[in-house]
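Biologist: I'm new to reading protein models. Could you walk me through this one, feature by feature?
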Amino acid sequence: GVRHLCATPELRVLTIAASADNLAYAMATALFVLYSATVLRVSAAGYGILLSCMATGMVLANIVAPRITISYSARRIITGALLASGTCWSISAATHDLRLVAAALILRGAGFGVGITAISTARQLLTPEHLLASVTAAFRLLSVGMFVAGTLLAGMVATVAELQRPIAVAACLVFIAAGIS
């Protein structure tokens, strides 16, 4: 599975992009509850509502995801998803405005919803059936493994800077990934 993933340029790029997005997501959200309470000054219920904004974006995006994945290449879609993610984290790092952050989270959720559909579809189309399980496992190992690194990095950055800094670093990471995807 790993060999096929690495040998297929499109899958390799999508894996790197998904891994970068997961790293950034983990960095941005590892301390998001603290950021929400101290910077945005929301209650526990408000934090839940913020997270539901991202989920709402995902649900809405999945309504149109099939049409988008037919109309655009997976690389173009993942680039758009990374730009949505970078925009979300940039806004979150730069403002104290709860409404802007909520809107940014909806955008991030929408980008993720369409992006994950495009990646899953491309992975299935570009992988021979007998390798699909092992390629999917390799993809997930690499991309989901970034959650560990992202949460550790967020903690390290936050110990030397304010709570918005890991979110700002996350924005930079996904903008870089968008540039190479």
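Biologist: What is the mean pLDDT of the chain?

Modeller: pLDDT is the predictor's confidence in each residue, from 0 to 100. Where it is low, the predicted coordinates should not be read in detail. In this chain the mean is 94, and 100% of the residues reach 70 or more. Confidence is lowest in helix α1 (residues 2-7), with a mean of 90, and highest in helix α5 (residues 74-94), at 96.

Biologist: How many helices and strands are there in the chain?

Modeller: Nine helices and zero strands. The C-alpha trace spans about 50 × 35 × 25 Å along its principal axes.

Biologist: Back to Ala18: is it buried or exposed?

Modeller: Buried means under 20% relative accessible area, exposed means over 50%, and partly exposed is in between, using a 1.4 Å probe and protein chains only. Ala18 has 8%, so it is buried. Across the chain, buried residues make up 44% of the 181 residues.

Biologist: And which residues does Ala18 touch?

Modeller: Contact means heavy atoms within 4.5 Å. Leaving out residues up to four places away in sequence, Ala18 touches Ile119, Phe139 and Ser143.

Biologist: How many salt bridges does the count come to?

Modeller: A salt bridge is a side-chain nitrogen of Lys or Arg within 4 Å of a carboxyl oxygen of Asp or Glu. By that rule there are four. One of them joins the side chains of Asp21 and Arg108, at 3.0 Å from N to O. Asp21 lies in helix α2 and Arg108 in helix α6, so this pair ties together parts that are 87 residues apart in sequence. Asp21 is buried at 8% relative accessibility, and Arg108 is buried at 3%.

Biologist: What about Arg123: which side chain of opposite charge is nearest?

Modeller: For charges, Lys and Arg count as positive and Asp and Glu as negative, while His and the chain ends are not counted. The nearest to Arg123 is Glu10, 12 Å away, and Arg123 is buried with no salt bridge. Arg123 sits in helix α6, residues 98-125. Its side chain does make a polar contact with the side chain of Thr136, at 3.4 Å. A polar contact is a pair of N or O atoms within 3.5 Å; within protein, one must be able to donate a hydrogen and the other to accept it, and residues adjacent in sequence count only if both atoms are side-chain atoms.

Biologist: One last thing: what is the phi of Arg41 near?

Modeller: Most residues other than glycine have a negative phi. Arg41 has a positive phi, near 60°. Arg41 is in the loop between α3 (32-38) and α4 (44-71), and at 69% relative accessibility it counts as exposed.

Key. Residues are numbered from 1 along each chain as its sequence is written. This is a predicted model: local features need pLDDT of at least 70, side-chain atom pairs count only at pLDDT 80 or more; totals for chains, interfaces and linings use all residues. Side-chain values use heavy atoms; hydrogens and water are left out. Helices (H or I, at least four residues) and strands (E, at least two) are DSSP runs, numbered from the N terminus.
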